[in-house]
Structures are given as structure tokens and as C-alpha cells.
Amino acid sequence: MIEITAKSAADAVKMLNSARRENTDRWVFASVNIAGDEYRFKFYNTWVQIAEYPDGRRDSSSMDIKVKDFKEFLSKFFNR
């Protein structure tokens, strides 16, 4: 499990993208803390299979999306 503490959603997106690049073709499990709120992720390359909000609600992305779309999905996820 990768644990990330970020100051903002934009920082979290950058750190998750770095984790994606460092773990190509491997499942990544990440926990992101922003201002005390914990978000959890499970992704493989650019496919976010599970994106979980602090209240337990979940979302996911389409499979094998472009990196630009991966970052956009994460940005929108954090800003909902």
C-alpha cells in the first residue's frame, strides 16, 4: 500500500500519477490523505478500478484510458 499525504487535490493527482509511472503493469493500492480526509485507490496502469471517498462511496474509470484522461478522472474525483 502506498501512503500519500498531499496538501491539495492537484498535489494528490501528481503523486498518484508518479506512482502509476513507477508501477507500470502492476496493481497499485494507494491511500491519499488530504486535510485529514482519506481516499483509497486501486489501479492498474491508467485504469482506476476502485476510487473510494472517505464516506465509503466508490467510483471507477474506464479501462486503458489515456494518461490525460487518467489525470482528469482523478481531478474530477477529488473535486466532487
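This is a predicted model: local features need pLDDT of at least 70, side-chain atom pairs count only at pLDDT 80 or more; totals for chains, interfaces and linings use all residues.
Residues are numbered from 1 along each chain as its sequence is written, and side-chain values use heavy atoms, with hydrogens and water left out.

Strand β2 (residues 27-34) runs antiparallel to strand β3 (residues 37-44), the two being joined by eight bridges; strands are DSSP runs of E with at least two residues, helices are runs of H or I with at least four, both numbered from the N terminus, and two strands pair if DSSP finds at least two bridges between them. β2 and β3 form a hairpin with two residues between them, and Ala35 in the turn has a positive phi of about 50°. β3 also pairs with strand β4 (residues 47-52) in the antiparallel sense over five bridges, and Phe43 has Val48 in β4 as its bridge partner.

The whole structure holds eleven aromatic pairs, meaning rings of Phe, Tyr and Trp (its six-membered ring) whose centres lie within 6.5 Å, with planes under 30 degrees apart counted as stacked, over 60 as edge-to-face and the rest as tilted. Trp27 and Tyr44 form a tilted pair, at 5.3 Å centre to centre and 55° between the planes. Because Trp27 lies in strand β2 and Tyr44 in strand β3, this pair ties together parts that are 17 residues apart in sequence.

Phe41 and Phe77 form an edge-to-face pair, at 5.4 Å centre to centre and 65° between the planes. Phe41 lies in strand β3 and Phe77 in helix α2 (residues 67-78), so the pair ties together parts that are 36 residues apart in sequence.
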